[in-house]
Amino acid sequence: MLTSVALILITFASTATSCSRSSWITHSRSCLGPPQVWEARPSPGKGIGVYASRAIEPGDIILSEPAMIQLTPPEIRDGVAYPLSDIHTLLRSSFDGLSPEDKGAVMSLHAHMTSVDNANDTLMAIIRSNAYITGNSLGLFPKGARINHSCRPNTSQYWDSQLGRRVVYANRRIEEGEEIFATYIPLLHSHEARQRRLDQYGFKCTCDACALERDARHASDQRRQDLQKAFAAFESQLTLSVPKSAIGKRKALKNAKASAQLVEQLEEEGLADYYVKAYHVAAIAHARIEDWKPATLWANKGFETSLLADPKARSTGARELQALTNHLIIKWNDQLWEEANRKG
Ligand SMILES: [Zn+2]
């Protein structure tokens, strides 16, 4: 019975790049699905927001957008940052090459002026307020820039360097009419720290996590800070070697339990961008106590989740998780055979 479970996982791990699973697995034309699942309209207190025009399933692509402006700053030499004037020249020349319609789309974006901005340089403020890092460049994506921030976002995003597109996908089910949110900042920080970070965009966040009652918000803050610490603590233990000493084994057992809690807390906070990392940690932590079944299931879940942001498993991280899943399946199968032979 369990052997067949392992077999299903093997099949999955080796065929994950197939188009047949669902529309988000590949970006070939035949697999893209409906072209637009969102609409932009006024969002109370936030100007414009982006809303789901139909129910969106986890993994469904919401936006796949090329950069309207892409800036590749010159390399930093001898630790000296490139002059701001160079960036400005690059930006102005990219902007000047746009059609009047595209120029209008860029200039209609939110520009939050800070003390570092020149009051006459709205274009630079628009870039600073809306641009995303795309590999070694900065990209401006006017459609995606309409998506408001939440500290508990229902989408994640990645840069597809082969397609030259920023892809935004649902990281959980989004109901028709629900507002679509992304995050502008790292999220494993307290409410206060997040608000300080968001000052650069010129707004106070009132998302589900920030609008919690005082006690619930403190609990949420505590979870996020604990998660940050837990990830840092696990960083040095991402090895498959099984401890030999009694002390080492006890510690590994404690860590395996802690890793399962890490996953639970993340899921409770709804912080999908960190799921792959947490599933990876849980897989390794259970492998270190030779508990192969949960180790395999965590690794497979990590691999499956990593495909949302890397549908063709091209990244080192996705390939490592695929290899880890297959390695753990073998260990789990060996264990099942040994148990069967002992009984037989
Ligand atoms: Zn918030």
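**Exercise 1.** What spacing do the donors of the zinc ion follow along the chain?

*Solution.* A note before we start: this is a predicted model, where local features need pLDDT of at least 70, side-chain atom pairs count only at pLDDT 80 or more, and totals for chains, interfaces and linings use all residues. Residues are numbered from 1 along each chain as its sequence is written, and side-chain values use heavy atoms, leaving out hydrogens and water.

Step 1. Find the donors (N, O and S atoms within 2.8 Å of the metal, or 3.2 Å for Na, K and Ca; water is not among the atoms, so sites may look incomplete). Here they are the SG atoms of Cys 151, Cys 205, Cys 207 and Cys 210, at 2.3 to 2.4 Å.

Step 2. Read along the chain: the spacing is C-x53-C-x1-C-x2-C.

**Exercise 2.** Work out which arrangement the four donor atoms around the zinc ion make.

*Solution.* Step 1. Take the rule: four donors count as tetrahedral if all angles lie between 85 and 135 degrees.

Step 2. The angles run from 102 to 116°, so the arrangement is tetrahedral.

**Exercise 3.** Find the largest nonpolar core and look around Leu 328.

*Solution.* Step 1. Such a core is a set of buried (under 20% relative accessible area, 1.4 Å probe, protein chains only) Ala, Val, Leu, Ile, Met, Phe, Trp, Tyr and Cys residues joined through side-chain atoms within 4.5 Å.

Step 2. The largest one has 42 residues, and Leu 266 and Leu 328 have the most contacts inside it.

Step 3. Leaving aside neighbours within four places in sequence, Leu 328 is in contact (heavy atoms within 4.5 Å) with residues including Ala 283, Trp 292 and Thr 296.

Step 4. A second, separate core of 15 residues includes Ile 62 and Val 168.

Methods. Buried means under 20% relative accessible area, exposed over 50%, partly exposed in between (1.4 Å probe, protein chains only). Four donors count as tetrahedral if all angles lie between 85 and 135 degrees; four count as square planar and six as octahedral if opposite donors are over 155 degrees apart and all others between 65 and 115; anything else is irregular.
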